[in-house]
Amino acid sequence: MFSWLGRQAGGRERAGGADAVQTVTGGLRSLYLRKVLPLEEAYRFHEFHSPALEDADFENKPMILLVGQYSTGKTTFIRYLLEQDFPGMRIGPEPTTDSFIAVMYGETEGSTPGNALVVDPKKPFRKLSRFGNAFLNRFMCSQLPNQVLKSISIIDSPGILSGEKQRISRGYDFCQVLQWFAERVDRIILLFDAHKLDISDEFSEAIKAFRGQDDKIRVVLNKADQVDTQQLMRVYGALMWSLGKVINTPEVLRVYIGSFWAQPLQNTDNRRLFEAEAQDLFRDIQSLPQKAAVRKLNDLIKRARLAKVHAYIISHLKKEMPSVFGKENKKRELISRLPEIYTQLQREYQISSGDFPEVKAMQEQLENYDFTKFHSLKPKLIEAVDNMLSNKISSLMSLISQEETSMPTQLVQGGAFDGTAEGPFNQGYGEGAKEGADEEEWVVAKDKPVYDELFYTLSPINGKISGVNAKKEMVTSKLPNSVLGKIWKLADCDCDGMLDEEEFALAKHLIKIKLDGYELPNSLPLHLVPPSHRRSLPKAD
């Protein structure tokens, strides 16, 4: 194993949970500083694509970026997760949030303005200073001692309007700022209002700024309780159609449907759907701390591949430039031929087309540079990155896997995440196989008279029906044999290959659970065991 990795692993063996995270962090930082950064600096990668990474970029908590048009509930969504107000919070039907607000953990409640924030080495925002005062005056950090923020940080963005006014009056490149955040956050949540599905020009440009970060994007269709079921079906279809025109991926984006605020539902027809969707979204967010190291490793790999391709492009342009005359004409020719150059480099170096930067944006940036001042290709720098990608990444990945198994599961806690964790309002409580868990009477008993009538039509012998006769009735459910086989195994409590009237009633109850859309338990819960079979169960220690 590599020396740095060995030293890091030794530290992990001597240290516990929090120190283990630093092990991976240190490994990532070391790889970046020694392998990737020299290549970036040699070919002006930071001027073309992204500023150099700093310590805070490796050490910061997982971040979530919220993006959406005005009045889609972005700020309300944050308040819903935190279950408390935060400094700088403004909520209203009109465009209220006109700033980027980083909501982070702090021992005391307060806020830090943008100009002071970008000089703090402990925060991962120092490189935002390049967007100037117009942006920094619209950027702040809101800190408060909230349990949720011990695990994640949340970035609230300004609401996006339609038309030209907002784009012109911002004073900074809004899409460039979003792109900067997108490269560093763990999750991008696009919020839509069930009543406003149109995607404005600026929102479309903002979504396009997330190119290459598709795996981070999740979509939330908010305020879904304000429409009925038929309208919701049409709204969902319209949203998917609109997104398909903007996000060019073959995969269907995951859309979470619900009403993400702590107010009564206006339409309760889809309550069960909203609860299931909210739980799915919570699970996705709660898993972020556990997956943070893998995400940072993945982003480092993407950055290294882009830096390598950038080096090939810049060195090729340098090589094609004449030494004396005709430099300007040659520069214009090379810029116009950039798509052909991409194709040539693809074939020459066996590079995937997806690793190349966007042609139009690259052409615009190249207009401002003197190609003769670019560096020629330095094979040693390329070899260092290739060695990292082919060898050292796999070693670090195995280290991450070891730490994930040795460390306790890290989940986001507090706020709304604790609201359904305990008690009778957690997902599925009192439903499906969990129905009747709190009742003294056997839950199957209420429908048993109906099941008994069926039982006695199946020719029982000595109070039991054979598997053949039971099958005749069970297959009328039209469930596949694999499911019916599991139901039989659960219902045949004494494993004698036959069913008495209570076991048959249980089998019918389990069929009903499956037909209602719930999952079957892996083993039979105690409250579902027929009363006459409970005395034969082994007692718990």
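Me: Let's start with I101. What stands opposite I101 in β4?
Reply: That's M140. Keep in mind that this is a predicted model.

Me: Ok. How do β2 and β4 run, and how many bridges join them?
Reply: They run parallel, with six bridges joining β2 to β4, which covers residues 139-144.

Me: And β2 with β5, parallel or antiparallel?
Reply: Antiparallel, over three bridges.

Me: Is β2 mostly covered or mostly open?
Reply: Mostly covered: β2 spans residues 100-105, and five of its six residues are buried.

Me: Which sense do β5 and β1 pair in?
Reply: Parallel, over four bridges, with β1 at residues 63-68 and β5 at 153-156. L66 has D156 as its bridge partner in β5.

Me: Zooming out, what's the strand order in the sheet?
Reply: It goes β3-β4-β2-β5-β1-β6-β7-β8, so eight strands in an open sheet with mixed pairing. The edges are β3 (110-113) and β8 (255-257), each pairing on one side only. On average, neighbouring strands are turned by 25 degrees against each other, ignoring direction.

Me: Switching to aromatics. How many pairs turn up in the whole structure?
Reply: A search of the whole structure gives 24 aromatic pairs. Take F192 and F203: their ring centres are 5.4 Å apart and the planes make 40 degrees, a tilted pair.

Me: Where do those two sit in the chain?
Reply: F192 is in strand β6 (residues 187-193) and F203 is in helix α10 (residues 201-208). They are 11 residues apart, and the pair links distant parts of the chain.

Me: Why does F192 count as buried?
Reply: Because its relative accessibility is 1%, and the cut-off for buried is under 20%.

Me: What about F203, what's the relative accessibility there?
Reply: 0%, so F203 counts as buried too.

Me: Which residues make up the ring cluster?
Reply: Ring pairs link F100, F125, F131, F135, F139, Y172, F174, W180 and F181.

Me: Last topic, charges over rings. What lies over the face of Y256?
Reply: R254 does, at 4.2 Å from the ring centre.

Me: And over F371?
Reply: There you find K331 over the ring face, 5.7 Å from the centre.

Key. Residues are numbered from 1 along each chain as its sequence is written. This is a predicted model: local features need pLDDT of at least 70, side-chain atom pairs count only at pLDDT 80 or more; totals for chains, interfaces and linings use all residues. Side-chain values use heavy atoms; hydrogens and water are left out. Two strands pair if DSSP finds at least two bridges between them. Axes are lines fitted to C-alpha atoms, for helices over the stretch in contact, and angles run from 0 to 180 degrees between N-to-C directions. Rings of Phe, Tyr and Trp (its six-membered ring) pair if their centres lie within 6.5 Å; planes under 30 degrees apart count as stacked, over 60 as edge-to-face and the rest as tilted. Buried means under 20% relative accessible area, exposed over 50%, partly exposed in between (1.4 Å probe, protein chains only). A charge sits over a ring if NZ of Lys or CZ of Arg is within 6 Å of the ring centre and within 35 degrees of the ring normal.
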